[in-house]
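Here is a short tour for anyone meeting this protein for the first time. Have a look at the sequence and the model, then read on.

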Amino acid sequence: MKFYYQLSHSILLLLCMKSSFAFTLAEVWQATLAHSSEYQAAIHNRDAELEREQQSKAAFFPQISAQASYQRQPPSISSSKITHGWNVQLNQSIFDATRMAQYRQSQVNSQLAHSRLAQHHEDLLLKVSQVYFDLLLVRERILAVKAEKDAYQQQVKKAQEAFRNGTGTILDVHEAQAGYDGAVAK
C-alpha cells in the first residue's frame with residue numbers, strides 16, 4: 001500500500017510538471033522502470049542468482065596451480081648453497097555428485113529469479129497503469145467541476161443582471177449562487 005501511495009504521488013508530480021499533460025503511459029512506465037528502487041533491487045537479485053550459477057559451474061573447470069621457490073644460504077666456511085624449484089599442478093574432477101547437485105540447484109534458482117523478476121515487472125506495470133488512469137480520471141473530474149463552476153458563475157452574473165433590470169427574482173440569484181457555492185465546494 002505504501003508503494004502504491006508513493007507511486008501515485010510520483011506520477012501525479014510528473015503529470016503536473018508538464019503543463020500540457022503530454023505524458024503518455026509509456027513515458028510514465030519508462031520513468032518508473034528507471035527510478036523504481038524496488039524494481040532495480042529485483043534486477044540485482046536476479047543478476048546475483050545468475051552469478052551464483054556461474055560460480056557453481058566453475059567447479060567443473062580444471063584447477064591449475066603453480067609454485068616457484070628460490071633459496072640461497074649465506075656462504076659459510078664450506079660453501080654457499082643455492083636451491084630453486086617449481087611445481088605446476090592441474091586438477092580436474094571427473095565426477096562430483098555434490099557439485100553436480102549444487103549446480104542443478106543454482107540453475108533452478110536462476111530460473112526462479114527470472115520468474116520473480118517477470119512477476120515483479122507485471123505487478124509494477126499493473127500498479128503504474130492503475131495509478132495513471134486513476135489520475136487521468138481525477139484530472140477529468142477536476143476539469144468538469146471547473147467547467148461547472150464557470151457555468152454557475154455565469155448564471156449568477158446573469159441572474160444578478162436580470163434582478164437589477166427587474167426581469168428576474170432574488171430567488172433566481174440565490175439559486176444560482178447556491179449552485180456556484182456547491183461547485184466551489186466540490
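## Salt bridges

The count of salt bridges comes to six, where a salt bridge is a side-chain nitrogen of Lys or Arg within 4 Å of a carboxyl oxygen of Asp or Glu. Keep in mind that this is a predicted model: local features need pLDDT of at least 70, side-chain atom pairs count only at pLDDT 80 or more, and totals for chains, interfaces and linings use all residues. Residues are numbered from 1 along each chain as its sequence is written, and side-chain values use heavy atoms, with hydrogens and water left out.

One of the bridges joins the side chains of E49 and R52, at 2.7 Å from N to O. E49 and R52 sit three residues apart in helix α3, so about one helical turn separates them. E49 counts as buried at 16% relative accessibility, while R52 counts as partly exposed at 44%. Here buried means under 20% relative accessible area, exposed means over 50%, and partly exposed is in between (1.4 Å probe, protein chains only).

Another bridge pairs E148 with K186, with 3.3 Å between the closest N and O atoms. This pair links distant parts of the chain, 38 residues apart: E148 belongs to helix α4 (residues 97-165), and K186 to the segment after α5 (170-185). E148 is partly exposed at 26% relative accessibility, whereas K186 is exposed at 64%.

## The overall layout

What does the chain look like as a whole? Its secondary structure comes to five helices and two strands, and from the N terminus on the elements run α-α-α-β-β-α-α. Helices (H or I, at least four residues) and strands (E, at least two) are DSSP runs, numbered from the N terminus.

Of the 186 residues in the chain, 21% are buried. The chain exposes about 13,900 Å², and carbon and sulfur atoms supply 57% of that area; accessible areas come from the Shrake-Rupley method with a 1.4 Å probe, and for residues only the protein chains shown count as cover.

Helix α2 covers residues 25-35, and its buried residues are V28, W29, T32 and L33. Seen down the axis of α2, these buried residues fall within an arc of 135°, so they line one face of the helix. That arc is taken from the directions running from the helix axis to the C-beta atoms. The face of α2 turned away from the buried side carries the exposed residues Q30 and H35.

## Inside helix α3

Helix α3 takes in residues 37-58, and S56 is found there. S56 is buried, with a relative accessible area of 14%. Leaving out residues up to four places away in sequence, S56 touches Q102, Y103 and S106, where contact means heavy atoms within 4.5 Å.

## A nonpolar patch

Which residues form a nonpolar patch on the surface? They are I64, W86, V88 and L90, with about 540 Å² of accessible area together. Such a patch is made of residues with over 30% relative accessible area and no salt bridge, with nonpolar side chains (Val, Leu, Ile, Met, Phe, Trp, Tyr) joined within 5 Å. Strand β2 (residues 81-91) gives the most to the patch, with three residues. I64 is found in strand β1 (residues 63-73) and counts as exposed at 66% relative accessibility.

Notes. Patch = residues over 30% accessible without salt bridge, like charges linked within 9 Å, V, L, I, M, F, W, Y side chains within 5 Å.
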